Every structure is written in C-alpha cells, then in structure tokens.
Amino acid sequence: MGALEKRLSGLPADIVRTAPEDLASHLTDWRGAKQGRAEMLLLPRNTSDVVEIVRWAAANRVGLVPQGGNTGLVGGSVPEPDPSGPVAVLSLRRMDAISPADPAGLSMVAEAGAILANVHTAAEAAGCRFPLSLGARGSATVGGLVSTNAGGVQVLRHGNMRSLVLGLEAVLPDGSILDQLTALRKDNTGYDIKQLLIGAEGTLGVVTRVALKLSPALAHRSIGWAGLASPKEALALLKRLRAAAGEVVESFELMAGAAVELTFDHAPNIRPPLAGAHDYHVLIELGAKASVLESVLAAAIEAGEVQDATIAQSETQGEAFWSIRETIPEAEKRQGKTIKNDISIAVADLPAFHAEALALLQQKYPGARPFVFGHLGDGNLHWNIRVPVDAPEGWLATEGEAARISLHDLLMRYRGSISAEHGIGTLKAAELGRLGNPGKLAAMRAIKSALDPLGIMNPGKLFA
Ligand SMILES: Cc1cc2nc3c(=O)[nH]c(=O)nc-3n(C[C@H](O)[C@H](O)[C@H](O)COP(=O)(O)OP(=O)(O)OC[C@H]3O[C@@H](n4cnc5c(N)ncnc54)[C@H](O)[C@@H]3O)c2cc1C
C-alpha cells in the first residue's frame with residue numbers, strides 16, 4: 001500500500017477524489033494568480049462527513065484547506081504551492097441545502113455550500129431578503145462569506161457578514177462540533193465562540209451550517225447614477241441623502257471614471273448612464289421612492305456638488321446600472337496586472353486620504369495609474385494600482401510591492417485597515433505581520449494554537 005492509499009483508508013470512498021482533472025479548478029484562485037498543490041479533494045455530504053474528515057486529518061497530519069465558491073481574492077481558498085506536508089482541499093459544495101425562511105423571526109438556515117444567489121432567491125420566496133450582495137454572488141457560498149466576514153454593497157445599512165449571522169455550526173480542529181446553530185437574538189451565556197469562526201478564513205475550523213439574519217422586503221426601491229469631480233463631492237452627496245432619506249441608503253458605490261470606462265470596452269452591451277465623461281461616478285440605491293432620490297440629486301446639482309445625474313426608470317435599467325459596477329473586477333482582471341489594495345478608513349477621512357495617495361503615487365511611481373472603486377458609503381475602497389504599460393520585467397515584485405507598502409504606511413497614519421473585506425489569506429500575511437498590532441497578533445496566535453495545536457486547518461494562511 002502506497003503512502004497516499006494508506007492515508008486515504010478510513011475515509012468514505014464517495015467523498016474522495018484524487019484525479020488531477022477533478023482537482024485542477026480547486027488549485028487555482030479566481031484571478032489565476034496562484035497555483036497550489038494538494039493530494040486530494042474531499043467532498044463531504046453532511047456534518048458527520050466533516051467530523052470524520054477532520055478526525056482523519058488530525059490522525060494523519062493532513063492539512064485541510066476549506067473551500068466554498070473559490071472566489072476569494074487573497075489566496076486563502078487554495079493550498080500553498082509548496083506545502084510542508086500532505087494537504088487536502090475540503091470543498092463544501094455538496095452541502096448546499098437551504099431551509100425555508102422564517103418570515104416572523106426573520107431568519108433562515110443554510111448549509112455552508114449554499115450559493116449566495118440561491119440564498120437571495122429563497123429569502124425572497126418568503127417575502128424577505130438577505131441584505132448582503134457582491135459581484136461574485138453566483139458562486140460565493142455561505143461558508144466562504146462567513147469565513148471572510150464578507151462585506152459587499154450594503155454594509156452601510158446592514159453591516160457585514162458578522163452582523164448577519166445569528167448562529168452557526170462548525171467542526172473544530174479536534175473533530176468536536178461547535179453547535180451554536182440557533183436564531184436567538186439574545187444569548188449572553190459566556191464567550192460568544194461563534195464570533196471566532198467568523199472571519200477566521202478557515203484557520204480555526206470548518207463552518208457547516210449558518211442561521212442567517214433576514215430583513216423584510218423593501219416597500220420601495222430607487223436606483224440612481226451621478227457624475228462628479230471627486231470623492232469630496234461624493235461624500236457631500238451621501239450626507240444629503242442621509243439627511244433626506246435617513247437610514248434607507250442601501251448602497252453608495254464610488255467608481256473612478258477610468259474604471260467605469262473600462263467596462264464599456266470590456267462589455268460592449270453596457271451603455272453609459274450619463275452622456276459626458278466624469279472623473280468619478282457614484283451608484284446609489286435607496287429603499288425609498290424615486291421622488292426622494294430625484295429631489296436630493298437636483299439639490300446636489302444646484303449646489304455644484306454633482307455634475308450630472310440620472311435615475312433608473314425601470315428595474316431593468318436599475319440592473320443595467322448595477323451591472324456596470326459589477327463588471328469592474330472582471331474588466332480589471334482582463335486588462336492586465338494591478339496591485340490590489342482593499343483598504344478602509346473613517347468615511348470622513350476618505351477624501352483627504354485619497355488626495356494624499358494620488359499625490360504619493362504620482363510623485364514616487366510615475367506611470368503607475370490608480371484604479372479606484374468601492375464601497376465609499378462604509379469607508380472601503382479598492383485602491384488598486386495599474387502596472388505601467390512600459391514596466392520592466394519584475395516591476396510588480398519590486399516597485400509594485402514598494403508602492404503597496406507606501407500606500408499602507410500612509411493608511412496607518414489615518415488609522416485605516418489594510419484589509420476591509422477580503423481578508424488576509426496569503427496575499428496580505430506579510431503586511432499583517434509588519435503592521436498588525438503586536439497585542440492582537442499575539443492573541444491571534446494563542447487562539448490558533450489553543451484550538452488547532454496540530455496546525456491542520458488551512459496551513460500557511462493568515463500568519464506570515
Ligand atoms: C467579482 C468578485 C467580486 C467580489 N466582491 C466582493 C465584495 O464586494 N465584498 C467582499 O467582501 N468580497 C468580494 N469578493 C470576494 C469573495 O467573493 C468573498 O471573499 C466571498 O466571501 C468568498 O466566498 P467563497 O465561497 O468563494 O469562499 P472561498 O473563496 O472558497 O474561501 C474564502 C476563505 O474562506 C474559507 N472557507 C470557505 N468556506 C469555508 C467553510 N465552510 N468553513 C471554513 N472556512 C471556509 C477558505 O478557506 C478561504 O480562506 C468578490 C470576488 C469576486 C470574484
């Protein structure tokens with residue numbers, strides 16, 4: 001019996017795949033930037049299978065890389081290219097059941113492999129909604145969203161995934177089941193251990209089922225698009241919206257003109273919402289009648305804060321506006337290499353930070369162009385940097401990395417975060433080690449070694 005066969009004995013045959021063609025798509029990330037290596041793919045059907053897998057992995061010292069939709073953007077969902085021991089990808093895709101929503105309690109239970117778009121549909125069928133959405137909603141799973149504490153386009157009103165998890169079930173690294181799968185809104189019985197699993201990026205256990213917090217369906221919805229000069233004016237518009245509409249600002253997305261224009265080249269069916277070019281654009285969604293949005297935009301134009309604006313006249317037109325915003329990551333991926341930065345900062349400080357970052361880039365890295373878009377309403381921008389067209393071989397690893405470090409250093413002066421919503425994975429592990437608070441890092445390591453002393457859960461991630 002070979003080493004691999006020996007290791008596989010003890011696992012239900014139906015859940016193991018070792019053929020290279022079965023593993024291939026699980027070993028590379030969405031960007032195609034990372035190629036990992038694993039001996040097998042494991043496809044559990046239920047929580048009992050996960051328990052068996054985890055116990056087997058601990059006994060055989062096999063690293064487990066939990067994977068959902070594999071849409072993560074920091075390299076957390078794929079194994080390392082050169083793992084120090086045997087590794088298996090643990091895909092939750094077969095565990096995708098969604099229980100009927102409870103409209104009275106505004107909750108719903110989904111298995112970890114349930115796809116976000118299906119969660120939306122199931123919530124809507126019960127007259128509710130699950131208020132977290134992002135461009136990868138057709139592939140991203142509940143387990144991945146919990147494990148990255150995903151954000152998306154509605155955080156300014158509903159918070160990120162952490163605020164939308166009422167309870168969860170997970171298998172811990174020793175094979176025990178953490179059962180906090182309730183829809184309780186109040187439970188002060190000691191440490192809230194489930195919070196450790198949220199945002200842990202698969203390093204503390206495997207999330208298997210989640211009780212999600214729903215919202216009532218919106219009575220009204222209106223979607224608008226505005227062209228403006230800079231993030232400063234965008235912030236002024238956000239203040240106006242809040243003053244007029246209160247809590248119902250569902251989304252407020254900022255996009256640089258270059259990012260919007262790239263989508264027109266990338267997807268010829270996309271039509272520009274406004275006639276002219278603008279340095280910046282915002283996409284607004286309100287849970288209110290279009291008349292509210294119309295009067296706010298008119299007042300902002302009158303005050304000189306907005307250059308031009310339009311309101312979607314139908315659901316289809318509203319979806320067309322959203323498709324521009326959601327095409328940006330794909331268009332960016334196709335146009336060539338960029339340095340990805342997923343930063344957050346106090347909303348009020350965003351305009352000043354943005355201006356300083358632009359000046360820094362121009363002065364120290366001429367030729368490198370900013371490619372900025374994101375969730376201005378909650379202080380999170382994808383402050384990406386395009387590699388110069390004439391960059392010499394190796395620019396990304398040297399100058400590009402130096403540009404990232406300079407941007408992060410500037411961010412630290414504003415007490416911002418180097419990862420607003422994508423997590424750390426491997427892409428940002430070194431920067432977390434460099435810039436993270438030593439007290440927090442020590443506590444993180446203590447928690448990791450207490451729960452996973454053998455280091456079997458997602459080896460090589462989070463910690464440099
Ligand atoms: C086009 C596009 C747009 C995006 N927009 C956004 C956005 O607006 N906001 C945002 O926050 N993110 C965004 N993302 C990133 C990504 O969609 C999210 O990080 C998402 O939460 C990942 O879900 P997933 O199921 O694909 O997880 P994966 O990529 O498979 O895994 C992500 C991490 O979670 C761990 N994990 C997965 N499942 C489990 C589990 N069951 N138990 C334990 N650990 C697990 C993995 O090990 C990995 O560390 C976007 C990605 C793309 C491609």
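Reader: Where does Met 412 lie?
Author: In this predicted model, Met 412 is part of helix H13, which covers residues 396–413.

Reader: How far apart are Met 412 and Val 282 in space?
Author: Their C-alpha atoms are 26 Å apart, and the two residues are separated by 130 residues in sequence.

Reader: What about Glu 431, buried or exposed?
Author: Glu 431 counts as buried, because its relative accessibility is 7%. Glu 431 is located in helix H14, residues 429–435. Leaving aside neighbours within four places in sequence, the contacts of Glu 431 are Arg 404, Ile 405, His 408, Ile 418 and Gly 436.

Reader: Changing topic: what is the strand order in the open sheet of four strands?
Author: The order is S5-S9-S7-S8, and the pairing is antiparallel. Strands S5 (107–111) and S8 (177–180) stand at the edges with a single partner strand each, so one side of each has no neighbour in the sheet. On average, neighbouring strands of this sheet are turned by 15° against each other, direction ignored.

Reader: How many bridges join S5 to S9?
Author: Five bridges join S5 to strand S9, residues 206–213, and the two run antiparallel. Glu 111 stands opposite Arg 209 in S9.

Reader: On to salt bridges. How many does the count come to?
Author: The count comes to 22 salt bridges. Among them is the pair of Glu 80 and Lys 34, whose closest N and O atoms are 2.7 Å apart. Glu 80 lies in the loop between strands S3 (63–67) and S4 (87–91), and Lys 34 in the loop between helix H2 (20–23) and strand S2 (40–42), so this pair ties together parts that are 46 residues apart in sequence.

Reader: Is Lys 34 buried or exposed?
Author: Lys 34 counts as buried, because its relative accessibility is 13%.

Reader: What about the salt bridge of Lys 194 and Asp 192?
Author: Their side chains meet at 3.0 Å, N to O. Lys 194 counts as buried at 9% relative accessibility, whereas Asp 192 is partly exposed at 33%.

Reader: And which residues are linked in a network of salt bridges?
Author: Such a network links Asp 14, Arg 45, Asp 49 and Arg 94.

Key: Residues are numbered from 1 along each chain as its sequence is written. This is a predicted model: local features need pLDDT of at least 70, side-chain atom pairs count only at pLDDT 80 or more; totals for chains, interfaces and linings use all residues. Side-chain values use heavy atoms; hydrogens and water are left out. Two strands pair if DSSP finds at least two bridges between them. Axes are lines fitted to C-alpha atoms, for helices over the stretch in contact, and angles run from 0 to 180 degrees between N-to-C directions. Buried means under 20% relative accessible area, exposed over 50%, partly exposed in between (1.4 Å probe, protein chains only). Contact means heavy atoms within 4.5 Å. A salt bridge is a side-chain nitrogen of Lys or Arg within 4 Å of a carboxyl oxygen of Asp or Glu.
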